[in-house]
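Reader: Please show me the model and take me through the terms used to describe it. I would like each label to be set against its definition.

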Amino acid sequence: MTTKLMGTPVQRVEDQRFLRGHGRYVDDVAVDERTLHAAVVRSPHAHARIVDIDVSAVLDLEGVHAVWTYDDLAGLATPMAEPLPLLIPHPALTHGRTQYALARAEVNYVGEAVAFVVADDRYVAEDAVGLVRVDYEVLPPVVGIDRARAADHLVHDDVPGNVGARMEQKTGDVEAALAAAPHRLQLDLTVERSACMPMEGRGTVARWDPDTHRLQVWSSTQTSTGVRAAVAVKLGLDLGQVDVITPDVGGGFGVKINHPWPEELLVPLAARTLGRTVKFTEDRREHFISSAHERGQVQHIEVGFDDEGRLLALDVEFWHDHGAYTPYGLIVPIITSTQLLGPYKPQVYRVRFESLYTNTVIVTPYRGAGRPQGCYAMERTMDAIADFLDRDRAEVRAANFIQPDEFPFDQGLVFQDGRELEYDSGDYPASLEKLKALVGWDDFPAYQAEMAAAGRRVGIGLACYVEGTGVGPYEGAHVHIETSGKVKVATGLTTQGQGHATVFAQLVADELGVRMEDVEVVTGDTRRMPYAVGTFASRAAVMSGSAIHLAAKRAKEKALRIAAEALEVDERDLEIVDGVVSVKGSPGTSIDLGTVSVLSNPLRYAFDEASKAATQFSVGDPGRPPVAEGDEPGLEGKDFYSPERATFASGMHAVIVETDPLTAEIRILKYAVVHDCGHLINPMIVEGQIHGGVAQGVGGALYERMAYDESGQLLNASFMDFLMPYVTEIPDGIDIDHLETPSPLNPLGIKGAGEAGVIPSAAVFAAAIEDAERVALPDLTITAMPISPSELHALRQRHPQPRPHRQERS
Amino acid sequence: MSDTRHDVRLSVNGVGHDVSVPARRLLSDALRHDLGLTGTHVGCEHGVCGACTVLLDGRPVRACLMLAVSAVGCEITTVEGLARDDGSLGPVQQAFAECHGLQCGFCTPGFLTTITAGLADNPTPTHEECRDMIAGNLCRCTGYQNIVRAVERAAELIAEEGEAS
Ligand code: FES
Ligand code: FES
C-alpha cells in the first residue's frame, strides 16, 4: 500500500512557481502594450452631495480612451445603474443599503467611486483622474459608533437612527435569571477597526472576444462563481458568455469575498465597450479607503454567576459599525452574537445588537469575521468573574465548559448560515490541560512574583474560542484521469495562499492510489467547475476537501469496474498503487490507470498508439451498446458535498507579556496555541495558518487601527502610518499543540483551520497585559482594544480608577 | 501632457533590454510592464513593504522608489534571476520551499532578494541577525516564523555548498 499522505507535512507544489517569480497574479495577466489601464476618481469627502461632474478636461488628454460617470451607466440598457447587490439579505436587515458602481447623487465615505477612467497606462489614467472636476455640497459626516448612535445626523436620509438592523436572540428569560443569580457584574468594552490588508490589493482584468461574444474576466477574488454571476447580470450577458478565472491571489483574509466591487463590473463594461483588454489594479491607498474594514464594536455585558463562576445568565448588547453600506448583510454581527459563547454553556443567554451606518469604508468579514470581538466579550467576562471571585482564571473557564459527552451540543441559537448553532464535537477540558502544560500556567504565579521582586511586570492571559467552520451551502469537485494516467482535479472555490494545490492533491493521491506528482489541482476557474460558493469561513478544506475526496472515490469505483472487466477478475480483489490497478497479492495481473482511461472511452478514431486499443473494432461486445446504459464515457468522477450544518473547530491561546514600567512598551515573552481542527491533512500548512493568524492577531491587539478623524478622513491610509507588524513585532516562536477530535459531519473528519489563529488575540492580550499591570496597579482594567504603549501609559495615568465591572449585589 | 520618452538599456539578470520609457516610469513598473518580468511585486508603492525589492549591483533596493531611467548602468537582479543556471532553485529559494516560508507568495520575491543580499554580506548569521535581515519586509500570511527558519536554512545550504566545492 502506498503510504498515506493525509496527515503528513508534504512540501507545497505551488511553491515552485512562486519561488521563481512565475506566479500569475492578476496584475501579471495581459502584460501587453495593448492592454488599457483604469483608474478611479474617488470621493474626498465622507459625506456629500454631488452637484456636478465635469470630465471635459480629461477627454483632451492624449492616451485617454473613455470616462464613465453615473450618468453614463444610467444610459445603458443593462442594470449597471442599479445599486450593487445586497449579497446576503436577512429579515432583520430592515434598512439594507448598497452603493452604486459609480456614485449617483451622494457619496458616503472617503474613497467611494465617482468616475472611472480608462487610458493607455496607469500613469495617464491617474493624470486624467486629476482633471475630473467634481463639485460637492458637503454634508455632516457620521463617524464612529457613538456619533452613529447619537444620530444627530444621518448617513442615509431614509434610515432613521442610522440603524440598519436590530436583532435579538435568546435562550430564556435572562432578566429573571440575572435577578436570581448570586453575583452579577457589568462590563463595557470597545474594539477598534482594522482590516485584512493582503499584500496584493484588489484587481480585475477583462477581455471581450468579439468573435465568440464571450467575456473573460480575471479577478483577485475569493469567489469566482459569485463574480461571474454578478458580471453576467449587470452586463446583461448570459452566464454562458462569461468566464471568470481566479489567478494566483496575493492574500485575501476575507476582503475579497465581497463582490462585485465597482471595478469588477466597470472593467468588464469598459472591455466590452472599447473592444480592448482592460485592467484595474488597486493601489495601497485605494485599498485602505475603498476596500473593506472590520472589527469595530462597542459592547455592554451583564452576567450573573454562582460561587464557582458558573454562568447563570449572560446578557449581551452590542453596537456594530458596518460603515456606509451593507453589501455583506449581517454576517459579521450575527457571528459575533453566536460565536461569543465559545466553549461555554450559560444557562440563559440573550444577545441584542444594532448594526449601524457610519460615513466610513464598508465592513465585511476579516479573518475571524466577528469572532474576535465575540471572544473578547466572553473572555473579558470570564476574567472579570475570576477576579471577582478571586479564583483561578482557568478554573472558572473549566467550570463552564461543555463536556466531551455532551456532543452534539445545541446552543439554542441560529447561526450565520441559518442553521442551528449545534456543536458537532470537541474536547475542551483536554485542550485546557494541554494549554496549561504548554504555557506553564501553574508555575506562572511563582515566576510573576519573582519578576515582580526584581521590579518587572509580567502577566499571563488565556482565551478560548469555538469556531463554526465549513459552512454550506456546498462545494463540488471534478476528478479526471487522463489517458496518460495524469489526474486533473478541479474545484470551484478559490485559493489565496492556503496551499490547496497541495492538500487537495494529497487527498486525491490517497483515495485514488496515484502518485501525488501526477495530480494537478485547479481552483477558482468557472470554466472547470461552474458550481461553487467561495473561500471564506475556513471552509475550503472541509467543503472542497470533502467534495474532492468523494469525487476521487467515484473515479476510483469506475476505474476498478473497468479494470475488473479488462482483467476478468472480481473488482473487490483489486487495488490501485502508484497509478497501477492490480490484483492484491499478485501484482503481475495489472493494468495502469492510463489504459483504464483509454478503455473507458470507446473511440471511433485512433489518434495515438494507446487510443488504438479503444476503437470500436478492438473493444466492446457487439451485442451491447458501446457505452452501457447509465454509464458515461471517460474516466471521471464528480461529486458535491453539502453538509447539514457547520463543523465546530476550537482552540485556546495563552500569552505571557512583559510591560515596561517606564515606557509602557509591551513585549511578548511566550505565545502558546492549542488547536483542534479535527484530522489534519497537512500539519505544516495548518501550523502556517496558525502562525499567520497569530501575527494578524498581534497586529490587531497591539498596533492596528483605522484612524478616522471626525470629518471621516482616514489619517493612516498607508503602510507608513497603519502599523502592520514586521517580524520585529511578532513573537520569536509560537508553541503549538494539536488535539484532533474528528468531525462526524464529513468523510475525512476535518474542521476548518484558516481563521483560528486570529480569534483569541484581543482577548488574550487584554488579559495578559492587565495581569502584568496589576503587579503594580491592582485596579487597572483593560476595556478597549487595541492597546498601544501610549494608550497603556494613558491608562496608567488614570489609575486608580473604578473598575468597569461593578458589583451590584452579592 | 504626453510624456517625453527616454531610450535606455536596462541590464536585468545578465541580459540587456532596450526600452523606451517616460522619465517618471518607476523601475518596478518598467520591470513588470515593459520587460514582462512580473516576479517583482508591488505591495505599497511607497517603500514600506519591500515586496518590490530587487538587487542593484548586488544591493537590495526598492524598485518602487526608483525611476527606471536611474537604473541605467547598474546590474539588476530580480527574483527571476535567483535560480541556478541549470534551472534548479537557488539556496534561498530552496530553503523557503523546505521551511514553508511562503503562503500566497506575494511578498516572497522581496524576501528572497533581500535575504540573498543579506547572506552575501553575512553568511553565518545568528538567530537574531536572521530576524534583523528580514525586518524591513512585510508579509501578511506567514507570521514570519517560517521565513526566519528559511533564512537559517539558507545559510546552512550555502555553507554546505561552500564545503562541497
Ligand atoms: S512596493 Fe515597493 S516597498 Fe512596497
Ligand atoms: S506569503 Fe502572503 S504576504 Fe507573505
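Author: P260(A) is a place to start: this residue sits in the loop between β11 (242–245) and α8 (262–274) of chain A. The model is predicted, and local features need pLDDT of at least 70, side-chain atom pairs count only at pLDDT 80 or more, while totals for chains, interfaces and linings use all residues. Residues are numbered from 1 along each chain as its sequence is written, chains are lettered from A and ligands numbered from 1 in the order in which they are written, and side-chain values use heavy atoms, with hydrogens and water left out.

Reader: What makes a stretch of chain a helix or a strand, and how many of each are there in chain A?
Author: Helices are DSSP runs of H or I with at least four residues, strands are runs of E with at least two, and both are numbered from the N terminus. By that rule chain A has 21 helices and 29 strands.

Reader: What is the peptide bond from H259(A) to P260(A), cis or trans?
Author: The bond is cis, with omega near -15°. A cis bond also joins M785(A) and P786(A), where omega is about 0°, and P786(A) lies in the loop between β29 (784–785) and α21 (789–797) of chain A.

Reader: Why is A151(A) worth a remark for its phi?
Author: A151(A) is not a glycine, yet its phi is positive, at about 55°. Most residues other than glycine have a negative phi, and most peptide bonds are trans. A151(A) is found in the loop between α5 (145–150) and β7 (163–170) of chain A.

Reader: How do you know whether the radius of gyration of chain A agrees with that of a compact globule?
Author: The radius is taken over C-alpha atoms, and the globule rule is 2.2 Å times the number of residues to the power 0.38. For 810 residues a compact globule would come near 28 Å, and chain A has 28 Å, so the two agree. The C-alpha trace of chain A spans about 95 × 75 × 50 Å along its principal axes.

Reader: What are the domains of chain A, and where do their bounds come from?
Author: Chain A is divided into domain 1 (17–139 + 196–290), domain 2 (390–471 + 645–808) and domain 3 (473–641), with bounds that come from an automatic or database domain assignment. The C-alpha centres of domain 1 and domain 3 of chain A lie 39 Å apart. Their contact (heavy atoms within 4.5 Å) takes 16 residues from domain 1 of chain A and 18 residues from domain 3 of chain A.

Reader: What is meant by buried area, and how much do domain 1 and domain 3 of chain A bury between them?
Author: Buried area is the accessible area, found with a 1.4 Å probe, that two parts lose on being put together, summed over both. Domain 1 and domain 3 of chain A bury about 1100 Å² between them, 48% of it on carbon and sulfur atoms. In domain 1 of chain A, the residues that lose the most area to domain 3 of chain A are Q222(A), T225(A) and R228(A), together 38% of what that side buries.

Reader: Why is the pair D121(A) and R25(B) called a salt bridge?
Author: A salt bridge is a side-chain nitrogen of Lys or Arg within 4 Å of a carboxyl oxygen of Asp or Glu. The side chains of D121(A) and R25(B) meet at 3.8 Å, N to O, and because the limit is 4 Å the pair qualifies. The count between chain A and chain B is six salt bridges, whereas between domain 1 and domain 3 of chain A it is zero.
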